[in-house]
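Please consult the sequence and the structure below while reading.

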Amino acid sequence: MSLNTSESSDDSNSTQTRAKRSKVWEHFEQNLVEVDNYFRAICKYCRMQLSTKSGTSSLRTHISQYCHAIGEAERNRFIATLKKPIENFVFDPQFSRERMIEFVIHAEIPFNKFEDPYFEPWVQSMQPTLSVVGRQTVRNDCLKKYQRMKQDIQNELESLDSHVCLTSDLWTSIQNLGYMVVTAHYITPDFKIKKKIISFKEVKYPHSGFAIEEALVSCLTEWGIRNKLFTLTVDNASNNNTTCDLLVDTHKYELMLEGAHLHVRCCAHILNILVQDGMKIIHEGIKKIRELLKHIVSSPSRMQAFNEIAVVNGLPTKRGIALDIPNRWNSTFKMVAEAIKYKTVLNSYANQHAEIPPNEQEWSTADSICKFLKTFEEATKAISAHRKPTSYMFLPLIV
Ligand SMILES: [Zn+2]
């Protein structure tokens, strides 16, 4: 009772104390001035008097927008206090850790970055209750995440009604280790096309048909899809024929039509062989173009000499010249196509520097081959598309 009386008797004072809890009061003088029965607050920076008749809203607007005397940093700090905290937010350390692991995997963060001396203070500044996990724990978490994701795919594959098509390829790393990748393509019950890499393993040499078959079967067994295999797309190498024959032999009764359509020859690879073969016709010409370009890019002064000739011929100058990568015909195609545009420049450059340019015959062969290859390039791009069913596209393109 006595408390009630004291509160009601001193109402204006109590409003004042309550209101003073607002962060905005830091920017006003402690003492208010009374004008016409209302209190006014004095801005610490510009000394303006502001009415507190409707609470602190006009004070907040003054500090956040209008005061000309407040420093930029002070203003920003105040604006930051205006942002409301997210309602009902409960910090969940486990949830947070899982999101962190997703980030680590996706952004490929090395595990030892968790021992960086600046990492923990940063996390602590945001959430003091989150304990920063060491690199070993992060590593274990990543492996667990991998196991869970693998299990998800396994469950999906097991529950499939459809068959699974595989594509596979082998290559040699720079450490001379042979690797095999297996990609599964399938359609889920809700008709979504999926493409998942289900194996990426070292396969010991020699890469005989038998070795490849063994690796493939172990992969199929691991995922429990031996009875769901439909086709296997591999490149046209002869060991792959053996692989497919062996697979058909051992899986005759699991494969559709006893494996009559198991072997699919990779269209991109066939196109590649066709083109490499065709390019042999202009091998000499390409070699001359490549040597000439190498000569130009080998020094800035030569590059400058090239550009000077380009300017005289009304062609755009170049900052650099891309040479081709052996075995990638489209890079050779790009290099030659670009060289043809600069034919006159290259010819005069070669004359000035005592280099050998392609002869007229070679230039004209290169020109016709490039026109021809354009179609192949378009076809390769179309069939190399990622998550699209491309098999229906290749026949018209090849024809
Ligand atoms: Zn002010």
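The following paragraphs take up the metal site and then the salt bridges.

The structure is a predicted model, in which local features need pLDDT of at least 70, side-chain atom pairs count only at pLDDT 80 or more, and totals for chains, interfaces and linings use all residues. Residues are numbered from 1 along each chain as its sequence is written, and side-chain values use heavy atoms, with hydrogens and water left out.

**Zinc site**

The zinc ion has as its protein donors Cys 43 (SG), Cys 46 (SG), His 62 (NE2) and Cys 67 (SG), at 2.1 to 2.3 Å. Donors are N, O and S atoms within 2.8 Å of the metal (3.2 Å for Na, K and Ca); water is not among the atoms, so sites may look incomplete. The angles among the four donor atoms run from 103 to 115°, and the site is tetrahedral, a label given to four donors if all angles lie between 85 and 135 degrees. Along the sequence, the donor residues follow the spacing C-x2-C-x15-H-x4-C. Cys 43 belongs to the loop between β2 (38-42) and β3 (49-51), whereas His 62 lies in helix α3 (residues 57-66), and the two are 19 residues apart. Helices (H or I, at least four residues) and strands (E, at least two) are DSSP runs, numbered from the N terminus. Both Cys 43 and His 62 are buried; buried means under 20% relative accessible area, exposed over 50%, and partly exposed in between (1.4 Å probe, protein chains only).

**Salt bridges**

In the whole structure, 19 salt bridges are found, each defined as a side-chain nitrogen of Lys or Arg within 4 Å of a carboxyl oxygen of Asp or Glu. Three of them are listed here.

| Salt bridge | Closest N and O atoms |
|---|---|
| Arg 77 and Glu 26 | 3.5 Å |
| Glu 222 and Lys 201 | 3.0 Å |

Arg 77 is partly exposed at 44% relative accessible area, and Glu 26 is partly exposed at 38%. A network of salt bridges links Glu 26, Glu 74 and Arg 77.

Lys 288 of helix α11 (residues 283-297) pairs with Glu 362 of helix α15 (residues 360-383), so parts 74 residues apart in sequence are tied together. Lys 288 is partly exposed, at 21%, whereas Glu 362 is buried, at 15%.

Methods: Tetrahedral: all angles 85-135°; square planar, octahedral: opposite > 155°, others 65-115°.
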